[in-house]
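Please look through the chain shown here with the numbered points beside you. They are meant to be read slowly, one at a time.

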Amino acid sequence: MAGERPVTLQGIAERLGLHVSTVSRVLNGRDGGSARAASGDTARRIRELADELGYRPNPLAAGLRTRRSNLIGVLVPRLSEIVMATIYEGAEEAAAAHGLSAFVTNTHDEPALQRERIAMVLARRVDGLVIGDAHLDGAALDLPALRDTPFVLVNRRTAAGHPSVTCDDRLGGRLVAEHLLALGHRSVGVVAGQPFASTGADRTAGFVERYREAGLPVPAARVVHSAFDTAGGRHAAHRLLHVPEDRPTALFAVNDFAAIGAAGAARDLGLRLGRDLALAGFNDTPLVAELPVPLTSVHSPMTEQGRRAVELLLRRIAGEDVRSEVLTPRLVARASTGRSVGAPLL
């Protein structure tokens, strides 16, 4: 109500006949520290009165005491992409569960802008970063200022092995290959995404590896790199499908939006998905099950990646040594890969 005085630590201390430092340690310390700040009965009385009076900690004051901002920065290529938006939701949820705030910035996958945005985030004195736009070479992560701030990668890894939380993209590519081999597809192509991103590189590698093991190596010309969007997927698929006498019977696009673009190319050429051409994507975003021809896709635990990345970051902030985490994907088969074209090739 207007005119009411805010509840303060001093006020609680006076009502209980305690020193303000004791009240502060109980209400503002971590669980372990608050337990040592006062006896169990005293701590209970402090918390009960604080709840009764509606006491709320002042995060700015707490930050000044602990030299923590309770703020996490998250970098993504584009938050408009549903994959990164879903990962960010998981990260924000986990941050809030720990009393932290998260904010996000876009880098458009451009190294110069990545460095600029990292510097901007660090200037806000964040406790740590979750980085979802890493390139395999890790070039944008070599800023001197970043060496003193804990960070964790999400969705993508680097060749240098920075701590990360990712889907097992290589396994995901193999799952698609297993599926298409079981349907009898000998002639296949890959819409491979951008070569600087581990997501595209690892998914392609797993797919090509499994076909090679089956005695059906995928020619280099059948692996076409493209942007991770519908326009890129459409352009790449046109390159793979435009010659009728040398046309693959199945395509694997390394993300769902590229797969939707590939479906557009198939339509342009008069090809029916699931009959004239099998098509699979990756991530299993919600919209792909609702397409006119539902899309076979690899389900990636996107929200869980965001949550686990924040959990891993908090362990790094606490000074722990951490290891990268790899989450398990699963294939969701739908009409776009259709029926068998021959005997299984397992």
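1. The chain exposes about 16700 Å², and carbon and sulfur atoms supply 52% of that area; accessible areas come from the Shrake-Rupley method with a 1.4 Å probe, and for residues only the protein chains shown count as cover. This is a predicted model, in which local features need pLDDT of at least 70 and side-chain atom pairs count only at pLDDT 80 or more, while totals for chains, interfaces and linings use all residues. Residues are numbered from 1 along each chain as its sequence is written, and side-chain values use heavy atoms, with hydrogens and water left out.

2. Of the 346 residues of the chain, 49% count as buried, where buried means under 20% relative accessible area, exposed over 50%, and partly exposed in between (1.4 Å probe, protein chains only). Among the contacts with a separation of 6 or more, 71% come from residues 24 or more positions apart, a contact being heavy atoms within 4.5 Å.

3. The chain has twelve helices and twelve strands, which are DSSP runs numbered from the N terminus (helices are H or I, at least four residues; strands are E, at least two). An open sheet of six strands, with mixed pairing, has the order S7-S6-S8-S9-S10-S12, and two strands pair if DSSP finds at least two bridges between them. The edge strands of this sheet are S7 and S12 (330-332), each of which pairs on one side only.

4. Which strands are joined to S6 by bridges? Strand S6 (residues 188-191) runs parallel to S8 (residues 250-253), with four bridges between them, and parallel to S7 (residues 223-224), with two bridges. Val-190 has Phe-252 as its bridge partner in S8 and stands opposite Val-223 in S7. From S6 the chain crosses through helix H9 (residues 198-213) to S7, and this β-α-β crossover is right-handed, a term used if, with the strands pointing away from the viewer, the path from the first strand over the helix to the second runs clockwise.

5. Where do the aromatic rings pair? The structure holds two aromatic pairs, and rings of Phe, Tyr and Trp (its six-membered ring) pair if their centres lie within 6.5 Å, with planes under 30 degrees apart counted as stacked, over 60 as edge-to-face and the rest as tilted. The rings of Phe-207 and Tyr-211 have centres 5.2 Å apart and planes at 35°, so this pair is tilted; these residues are four apart in helix H9 and therefore separated by about one helical turn. The rings of Phe-207 and Phe-252 have centres 5.1 Å apart and planes at 35°, so this pair is tilted too. Because Phe-207 lies in H9 and Phe-252 in S8, the pair ties together parts that are 45 residues apart in sequence.

6. The largest nonpolar core has 24 residues, a core being a set of buried Ala, Val, Leu, Ile, Met, Phe, Trp, Tyr and Cys residues joined through side-chain atoms within 4.5 Å. Helix H6 (82-97) is one of the elements that supply at least two residues of this core, and H6 gives the most, with seven. Apart from this core lies another, of 22 residues, including Leu-181, Ala-197, Phe-252 and Phe-282.
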